[in-house]
Amino acid sequence: MTVKKETRGRKRLPPEKKKPPQATLKINDFILPFVKELKGNLKKGLVTEETLERLFDILRTGQNQSNHSEKIGALKDKIKKLDDLLLKRVMERDLAHSKSVDLESKVHYWKAKYDELKRDYDDLLHREYDCMAMTSDGKRCTKKAVFDTFQDGLLFHVCSQHAKVLEKRRRNMTTN
Ligand SMILES: [Zn+2]
């Protein structure tokens, strides 16, 4: 009697290539789609330790406790709000800075204006109240005018020294 060689089915693997026996499990139809999806993802390399942890979390507690994305979303919102606030503060600071620069330039402007007016005022005071005579070096005398004196029908304010000079000259003119 010859033993017929078995040719049906899968070729037998050599012993070193044999896979360890896999657990077989009856799966309820209700959860079958889930198991299929999980197996499919596993094949695609999409199932990590963390994925399993999260799935177990949901199964054990009824909620996804390790849902970081929600927390990350909340943190991102917070950061965005802080960013906006910071931007607002920076803009306020810049505005205040530019305002102070503006004020500073105005202060400089008015200070220059004041100095100018003060000079004019001093000039006018000098014209009005200082001696109107010329000194020997051709400049106007800077002494306070204390006398009013008439010369050729005009009124001059002069200091006591120039009043004496003019008086002397007038006397000379009348005696000549
Ligand atoms: Zn004088």
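Modeller: Let's start with a term: a residue is buried if 20 or more other C-beta atoms lie within 10 Å of its own, exposed if 12 or fewer, and partly exposed in between, with C-beta atoms placed from the backbone. This is a predicted model, where local features need pLDDT of at least 70, side-chain atom pairs count only at pLDDT 80 or more, and totals for chains, interfaces and linings use all residues. Residues are numbered from 1 along each chain as its sequence is written.

Biologist: OK, what share of the 176 residues count as buried?

Modeller: Go by that neighbour count, 20 or more within 10 Å. Of the protein's 176 residues, the share that counts as buried is 3%.

Biologist: And what is the radius of gyration of the protein?

Modeller: We take the radius over C-alpha atoms, and the globule rule is 2.2 Å times the number of residues to the power 0.38. The C-alpha atoms fill a box of roughly 180 × 40 × 20 Å along the principal axes. A compact globule of 176 residues would come out near 16 Å, but this protein has 55 Å.

Biologist: Which residue in β2 is the bridge partner of Phe147?

Modeller: Strands here are DSSP runs of E, at least two residues, numbered from the N terminus, and two of them pair if DSSP finds at least two bridges between them. β1 (residues 147-151) and β2 (residues 154-158) run antiparallel, joined by five bridges. Phe147's partner in β2 is Val158.

Biologist: Which five residues make up the largest nonpolar core?

Modeller: Such a core is a set of buried Ala, Val, Leu, Ile, Met, Phe, Trp, Tyr and Cys residues joined through C-beta atoms within 7 Å. Here the five are Cys131, Met132, Ala133, Ala145 and Val158.

Definitions and conventions:
Helix = DSSP H or I, 4+ residues; strand = E, 2+ residues; numbered from the N terminus.
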